[in-house]
Amino acid sequence: MNLDQDQPMSHADAPAAMPVAPPVADVVLPEDTLVLVPVRNLVLFPGMILPVTIGRGGSIAAAQYAVKHERPIGLILQRDPAEDAPEPEGLHEVGTVVRILRYVTTPDGTHHIICQGEERFRIREFRRDLPFLAAQVERQHEDGEVTRELEAQLMQLRERAIEALELLPQAPPEMLQAVRGFTSPGGLADMVAGFMDLPAPDKQAVLEMFAVPARVEHVLGLLAHRIEVLKLSREIDARTKATMDERQREYVLREQLRQIQKELGEGEGSGEEFAGLAAAIDRAGMPEEVAAQAKKELGRLERMPESSAEHSMVRTYLDWLVELPWAEPAEAPIDIAGARKILDEDHYGLEKVKRRIIEFLAVRKLNPAGHGPILCFVGPPGVGKTSLGQSIARALGRRFVRVALGGVHDEAEIRGHRRTYVGALPGNVIQSLRRAGSRDCVMMLDEIDKVGASVHHGDTSSALLEVLDPEQNKAFRDNYLGVTFDLSRVLFITTANVLDTIPGPLRDRMEIIHLPGYTEDEKLEIAKRYLLRRQREANGLAPEQAEVTEAALRGLIHDYTREAGVRNLEREIGAVLRNVAARIAEGETTAARIDAGDLATILGPARFESEVALRTALPGVATGLAWTPAGGDILFVEASRTPGSGKLILTGQLGEVMKESAQAALTLVKSRAASLGISVDFDHSDVHIHVPAGAIPKDGPSAGVAMFMALVSLLAGRTVRADTAMTGEISLRGLVLPVGGVKEKVLAAARAGIATVLLPARNRKDLVDVPEAARAGLRFEWLETVDAAIAQALAG
């Protein structure tokens, strides 16, 4: 028996005004005609008060008509609850005359009516001329005469109802008082049937019993069955409590539920669900160990009540197991020529990188079972690292999934959460395999240089060691799954901007492939082949509607972007084409042709200009070359002398290594002052070295040559050539030592319009990595000592 009687809504739930009704003919219905509201699974007995939610247009119109004309409505049960627009034939013939106590519309637009049942009715004839259901009805007035037989049935029904309430653990006292106070046999039968946990068709059968004695007799039978179930529950409880302690309480509850379901004939519906799960486990192709674990968990699930919190956890766990790609994938052939064509279609340049990828695919083709290296693409943002991984997947005919590792600092994001709480999930690797639906997918671990570690959440990079080690990942164990999963068929590719932040053991598992920045000519070709087409499609433009000239593209590259990749270039092309799209949308019909002279009108004045000539127009300024995670860049070293006490002042957020380079440069200048023609009283002069921009931290040894040349230029009164940039570390003996990042620095010099680059002689071997287009536009001078730098860099 369900004792939770719905109460009418409080006044605060009522809306400020009645909802606006759809247009309804202002007709007056005869007294024997009721507007009908069909309900799906609700039977309201006379005397009961319940809230009813209505959502169908006809039901809302009927309820609003009844409220407007202060008429009752008829609640009537559908024969098929799934039917959205029931016809008269789809309704039962007997329903309940209902008075609407309150009409409420909630903020989300849902309509509710608070209904009080009054009496039964039988439909005689439907009205078909109204926008809602209505019918001529015959109201069934209940005979109030109570015979001796009925009085005896009333007493029996009252005793049975009280007995049932006393068997319930938390029966409300108000319900007991209501049962004791009933004097009408039919009314008590209706109340008991209304609050018993019965299917809607069984309640409808009680509603259709007009004869009070038969109705009371039928309800007595239903109540007797419910009392037997409650007694059986008490007996089960008594038997089990005598032998089981607190740790076995969960088993007791399951046993009680099983016995109750057996007596009621309930619980068969979940059998199909369990059978489906068992079949899915058999079809998944799991290893024996995993299949045994899955069947064990399925057995636990069958014994759990659905209301248990652990039920949903076990069900979710089984869903993960059956949906993972356990089966061995078929080996697809690798077409090397097709792979080369795809790489050439998707990427311009990067010949060395594409050659290494082809070699990688060729080894895979000849030795499919072998464990090849894990490729790690390292380069500045926007050079095509992620798109290379997508091209590899397309060339292999495999699924591609990407796992973003930037900012991940919890080991559980890789190895999964333990199933000790609701909401636990597998790690990102297993989740990505589920999305891919295949064990031989291409999985890109993006931004592997940005993973973090936490004292409380473990070391993420250490968790990645097991994933990326071919000798270990064939038995990868996710904490959530609790079983091993073979990752050896997954093709892992990683990306990074820098290598310094990748721990040594993790870096040791990967083959590093550097992706340099693009030259101006390469950017121009990439814009022509890919970026223009992509942005035209993104902005809804046809090729004939918008033409961007080569001069305009060069202007965008030179004057509006300063980057190693092409990401900002694509944004600027998009901005230009959006301007064209706006003009076309406003009615312009002529094709747009964007030339270099139009860029200032569309994008504003040039954002970048060559500062080299301006900066080096005075003595004491030298142009250096620097390496950054976003590619190479140029920097200016400025030196000034003021009267003082011989101090060296350093500004520009210089790191410790750069400070030491500045001190070494000053010491070297002092030691060679005579040979350089410098006659300065260093004891009474302060030397100030500044490296703009002051808000950006800087460090590294490669600015030694530039600092030395800035000091020589200042103290000798000679300017450094405006078209010359330099890099290299110096020693106190005047030697120029090799540095790293030559390729990126040379590309930065080419982008900045430098004509001559001074490099350490021992870096000559690194020039082979510089693209031919960049080498062709520059003159290189090789430095063994600082004397060579003075000869090449100082003007006059």
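**Figure 1. Lining of the largest cavity, by residue class.** The lining of the largest cavity comprises six nonpolar, four polar and one charged residues. The model shown here and in the following views is predicted. Residues contributing to this lining are Arg-364, His-371, Gly-372, Pro-373, Ile-374, Pro-470, Asn-473, Ser-488, Val-490, Leu-491 and Phe-492. The space in the largest cavity amounts to about 90 Å³. Six cavities of 30 Å³ or more are counted in the model.

**Figure 2. The second largest cavity, with a volume of about 70 Å³.** Glu-520, Lys-523, Ile-557, His-558, Thr-561, Arg-562 and Arg-751 form the lining of the second largest cavity. Two helices, α18 (520–538) and α19 (550–560), each provide at least two residues of this lining. Sorted by class, the lining of the second largest cavity holds four charged, two polar and one nonpolar residues.

Figure 3. The largest nonpolar core has 59 residues, and Ile-73 and Ile-113 are the members that touch the most others. Helix α2 (residues 148–167) contributes eight residues, the largest share of this core. Apart from this core lies another, made up of 55 residues, including Leu-318, Ile-448, Leu-464 and Leu-465. In soluble globular proteins, nonpolar side chains tend to be buried together.

**Figure 4. Surroundings of Ile-113.** Beyond its neighbours within four places in sequence, Ile-113 contacts Leu-50, Pro-51, Val-52, Ile-54, Ala-63, Ile-73, Ile-100, Arg-102 and Tyr-103.

**Figure 5. Asp-190, a buried residue of helix α4.** Helix α4 spans residues 185–195 and includes Asp-190. Asp-190 counts as buried because its relative accessibility is 2%, the cut-off being under 20%. With residues up to four places away in sequence set aside, Asp-190 touches Phe-45, Pro-46, Met-48, Arg-120 and Arg-215.

**Figure 6. Confidence along the chain and in residues 1–22.** The average pLDDT of the protein chain is 84, and 91% of the residues score at least 70. Over residues 1–22, pLDDT remains under 50. For residues 1–22, the model contains 46 contacts beyond four places in sequence.

Notes. Residues numbered from 1 in each chain as written. Predicted model: local features only at pLDDT ≥ 70, side-chain atom pairs only at ≥ 80, totals over all residues. Heavy atoms only, no water. 1 Å grid on protein atoms, 1.4 Å probe; cavity = no way out; pocket = protein on both sides within 12 Å on 5 of 7 lines; lining within 4 Å. Points joined across faces, edges and corners; volume = space filled by probe spheres on them. Nonpolar A, V, L, I, M, F, W, Y, C, P; charged D, E, K, R; others polar. Helix = DSSP H or I, 4+ residues; strand = E, 2+ residues; numbered from the N terminus. Core = buried A, V, L, I, M, F, W, Y, C linked by side-chain atoms within 4.5 Å. Buried < 20%, exposed > 50% of the residue type's maximum accessible area, 1.4 Å probe, protein only. Contact = heavy atoms within 4.5 Å. pLDDT = per-residue confidence, 0-100.
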